[in-house]
Amino acid sequence: MPLAWRKALFFRLAAILLGLAPFVVLELALRAAGIGVPLQYDDPFVGFSDIHPLFALNTAADRYEIPKSRQTHFRPESFPAKKPVREFRTFVLGGSTVQGRPYAIETSFTTWLELALQAAEPERTWDVVNCGGISYASYRLAPILNEVLQHEPDLIILCIGQNEFLEDRSYEHIESLQTIAAGPLRQAARLRTFTLARAGYLWCRDHTSDGSPANRPTLGPEADARLDWQGGMALFHRDPDWQRDVIAHYQFNLQRMVDQCAAVGVPLVMVTPISNLEWPPFKSEPRENLPPAEQAEFEALTERAAELLRSDLAGALERLQAAERIDSEHARLQYDIGMTLRSLQRPDEARTALTRAKDADVCPLRMLEPMRRIFRETARSAGTPLVDAEAEIAARSRSGYPDNEWLLDHVHPTIEGHQLIGDLLAQKLAELQVVRLPADWEARRAEAYRRHLQSLDPLYFQKGLQRLENEQGWARGRSPAMRPEQPDNSR
């Protein structure tokens, strides 16, 4: 390259760097001052009428506790206001699975993790704080993460992704949510200068002249699932556009939660939510614009298949697959195909069909496969440790995929399943050199588990079974505790 060209190129690069220098200096200054952390600003897709802290100081001012006003969705939980010197403090965020439903925190994997760690190193104090909220989706957990990061955590654990479709909300105010959630903007959102500029823009765009929110849907301070209302199941319909936007919103929130932990230097571990593939779909609908003649043929084929299930599995499968050629989007049909393949000892094909059934469910109360891929890819790209609870449960299930052996319903593990997740987390923390597991750890842990189970009143288990029955009615739209009015459908 001629000398003149090299000089010209050098001066142009120097001019660019000089022009960027003020932004670099501003970014470093904001980081040093702790200003502009991404999670501290509004979700651009939804707003809240109010956000109350999850934890409040008790009257003695010595512990932070979940107040009774929040115990409609959370269980009682607390931690010391002044962190003890040798305490390792962990906050676990998620939905009802984290909470331990249909039982409670006492048999959640958070309790088993705490017992497992205490058995490994009893000279230290291990405090695992359960922040599992019933029906809580990622956009409601993001403010809670921001709160608990102010309480000197040593570790955050996230297990989120099952509740994203429960609340009614609209994305019509977003021109292209997919574009906003795309990679380049997610990368830019890690910059403090970008975060502050975006916050100012969103405030101006989404507020009227008197400062009140505009455009964005405003949700209440607590999760308000459509299934909490009579007739709520009827509000669920196949809506590919809305599903796409919900998934993009989930991806945005998951990434910003990972970024928030990284920004303040708090370690994070992610746990994959588990979906029971053996559980039937909650709602099925025929594909759009299915001609009446094809609908009649579809029904005749499925009825004949049902008649053959006890005497001729191969014949039943043949008719179900013929019905699939008419309507491959019907969730219950995919489930019936999967269960028939399972009975025919074809587990790999069964898992494929049952996964399609889960994703075709018009009332998606189980994590969808695109979200599962996002969860794993987010952990991989950020270098965040991942505990693949779903894969571990699948490996131990008789079918080769998560089923009724390890789950009580569509998403909630058995007590033994929670114990397994607690063990997996303890082992992951040992890999990360957070804890040392001595040679006799398994025996000590098993004894701690045994003593803890014996300490629980039999009424605890009876209440759990009753709650399980009620929750199954709730998921089917038949809970006696449903509110009589129907919510406004803002979409």
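**Confidence**
I checked pLDDT before anything else. The protein averages 88, with 82% of its residues at 70 or more. I then went to residues 208-212, where pLDDT is below 50. Apart from near neighbours in sequence, that stretch makes four contacts in the model. Where pLDDT is low, the predicted coordinates should not be read in detail, so I left those contacts alone.

**The sheet**
Which order do the strands take? I read β6-β5-β7-β9-β10, an open sheet of five strands with parallel pairing. β6 and β10 are the edge strands, each pairing on one side only.

I went through some of the pairs. β5 and β7 run parallel and share five bridges, and here I found Phe91 opposite Ile156 of β7. β7 and β9 are also parallel, joined by three bridges, and Ile157 has Val269 of β9 as its bridge partner. Between β9 and β10 (residues 386-387) I noted two bridges, parallel again, with Val271 facing Val387 of β10.

Next I looked at the side chains of β9. Leu268 and Met270 point one way, Val269 and Val271 the other. Are they buried or exposed? All four names are on the buried list.

**Helices on the sheet**
I followed α3 (residues 109-120) and saw that this helix lies across β5, β6 and β7, at about 170 degrees to β6. α8 packs on the sheet too, touching β5, β7 and β9, and its direction makes about 150 degrees with that of β9.

**Cores**
The largest nonpolar core has 41 residues, and the members touching the most others are Phe55, Phe91, Leu93, Val148 and Ile156. Elements giving at least two residues each include β5 (87-94), α4 (138-148), β7 (155-159) and α13 (369-382). α8 gives the largest share, nine residues. I also found a second, separate core of 37 residues; among its members are Tyr103, Phe109, Ala119 and Ile274.

What does Val148 contact, beyond neighbours within four places in sequence? I listed Phe55, Phe91, Leu93, Cys131, Pro153 and Ile156.

**Cysteines**
How many disulfides does the structure hold? I counted zero.

Methods. Residues numbered from 1 in each chain as written. Predicted model: local features only at pLDDT ≥ 70, side-chain atom pairs only at ≥ 80, totals over all residues. Heavy atoms only, no water. Disulfide = S-S within 2.5 Å. Core = buried A, V, L, I, M, F, W, Y, C linked by side-chain atoms within 4.5 Å. Buried < 20%, exposed > 50% of the residue type's maximum accessible area, 1.4 Å probe, protein only. Contact = heavy atoms within 4.5 Å. pLDDT = per-residue confidence, 0-100. Pairing = 2+ DSSP bridges. Axes fitted to C-alpha atoms, helices over the stretch in contact; angles between N-to-C directions.
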